[in-house]
Amino acid sequence: MNELSPVTRRAETIFDLPTPALILDRQRLEANAERMRERVRQFGVTLRPHVKTSKSIDVLRILAGGADIPITVSTLAEARYFFERGLRDILYAVGIAPVKLPEVAELVRAGCNLRIILDTLEAAEAVRAFVDTENLPLQVLIEIDSDGQRAGVASDDAQLIEIGRRLSNNLGGVMTHAGASYGCRNLGEFEAMAEQERALTVAAAERLRASGLGCPVVSVGSTPTVHYGRALDGVTEARAGVYAFGDLVQAELGTCSVDDIAIGVLASVIGHNRHHGRVLIDAGFLALSRDRGTAELPVDWGYGAVCDAATGAVIDNVTVSSTNQEHGIVTGRLGAIDFDRFPVGSRVRILPNHACATAAAHDRYFVTGGGDVIVDVWERVNGW
């Protein structure tokens with residue numbers, strides 16, 4: 001992580017910060033965390049939060065609510081970071097590349113209960129050969145295709161059993177992620193996708209068990225399916241990540257409100273282009289990301305919702321309509337923009353379309369208690 005500059009170290013409020021800067025509202029984070037903990041308690045399963053959204057031990061402590069909980073990671077850099085800070089039960093939820101197995105082995109031998117995932121016989125054979133050569137007690141979950149969206153083996157595919165047999169006593173269970181839930185648009189679709197995710201993954205576990213293979217872990221989840229699911233019978237753990245912060249996509253999907261979104265990018269107004277009706281800010285795609293996740297949702301927020309810097313309240317009828325590397329272009333949604341609302345040198349806060357992508361552009365959070373006073377600075381881990 002880069003060292004703080006002297007100016008940043010002296011900052012007492014967000015208005016003292018150089019921009020762009022990533023602001024985190026602790027009150028909103030705590031409320032989001034408690035809602036998810038209560039949701040999963042109702043299902044009677046273990047919560048295994050996905051830390052790829054926050055990549056921060058301080059955020060995880062809020063999500064855990066004082067408990068010792070397992071986590072999901074998307075990179076081995078995250079696995080190392082959280083293991084070094086006391087986490088032991090970690091699921092690396094990206095299909096394993098054989099080149100990464102030596103690093104996995106280092107973590108396992110150091111005492112990390114690190115599980116990996118795969119979905120092909122070829123990957124299972126590579127893992128089998130590695131663990132046999134290294135005498136490594138590595139647990140593997142088979143990824144199940146529950147939505148046709150990205151990866152996984154179908155629950156009724158004959159190869160499922162072949163993979164399980166190849167893994168033998170290294171088989172730890174099954175997992176899935178119904179990313180197609182992001183394409184749902186009404187309650188019936190969300191509930192059906194959540195049930196499809198659950199049912200197909202449980203069916204895969206039952207097939208493995210019927211073939212004499214151990215399958216203790218049945219892991220499902222995405223923020224939408226955990227939010228909208230009606231039951232998790234047969235499931236042992238639920239994974240979700242973006243719920244921690246929320247974002248504009250989640251607000252449009254109904255898993256949170258805009259007022260629940262816990263992060264935003266603080267930016268300065270650096271110019272007016274009155275001829276073209278544009279306000280320029282110093283947060284471009286390197287600060288906001290180029291994610292356009294709301295483009296096909298009921299409200300298209302452009303590259304982010306423009307908010308009052310101090311309160312986080314959305315400023316009506318404007319949006320970040322385009323970005324360059326270090327410039328954001330704010331325009332009116334309905335006609336001319338009120339330039340008096342955006343004096344040069346003033347600050348705005350931009351809520352993200354996709355919290356994971358926007359946060360990844362920054363190496364720390366400037367934490368507030370809901371206003372403009374900085375109460376803490378929390379590091380992130382980036383890279384792979």
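In this predicted model, the second largest cavity holds about 30 Å³ of space. Its lining is formed by Ala194, Glu197, Val220, Thr225, Gly229, Ala231 and Leu232. By class, these lining residues divide into 4 nonpolar, 2 polar and 1 charged.

The count of cavities of 30 Å³ or more comes to 2. The largest cavity contains about 50 Å³ of space, and the residues that line it are Asp25, Arg28, Ile261, Ala262, Ile263, Gly264, Thr311, Gly312, Arg349 and Leu351. At least two residues of this lining come from strand 10 (263-273), and at least two from strand 15 (347-351). The lining of the largest cavity comprises 4 nonpolar, 3 polar and 3 charged residues.

Attention may now turn to the sheet. Strands of a sheet pair through backbone hydrogen bonds, in either a parallel or an antiparallel manner. Here, 8 strands make up an open sheet in the order 2-9-8-7-6-5-4-3, and their pairing is parallel.

Gly173 has Val217 of strand 8 as its bridge partner. Helix 8 (residues 187-210) packs on the sheet, where it touches strand 6 (139-143), strand 7 and strand 8. The direction of helix 8 makes about 160 degrees with that of strand 8.

Notes
Residues are numbered from 1 along each chain as its sequence is written. This is a predicted model: local features need pLDDT of at least 70, side-chain atom pairs count only at pLDDT 80 or more; totals for chains, interfaces and linings use all residues. Side-chain values use heavy atoms; hydrogens and water are left out. On a 1 Å grid over the protein atoms alone, a cavity is a set of points where a 1.4 Å probe fits but cannot get out, and a pocket is an open set with protein on both sides within 12 Å along at least five of seven lines; lining residues have an atom within 4 Å of a point. Grid points are joined across faces, edges and corners, and a volume is the space filled by probe spheres set on the points. Helices (H or I, at least four residues) and strands (E, at least two) are DSSP runs, numbered from the N terminus. Ala, Val, Leu, Ile, Met, Phe, Trp, Tyr, Cys and Pro count as nonpolar, Asp, Glu, Lys and Arg as charged, and the others, Gly among them, as polar. Two strands pair if DSSP finds at least two bridges between them. Contact means heavy atoms within 4.5 Å. Axes are lines fitted to C-alpha atoms, for helices over the stretch in contact, and angles run from 0 to 180 degrees between N-to-C directions.
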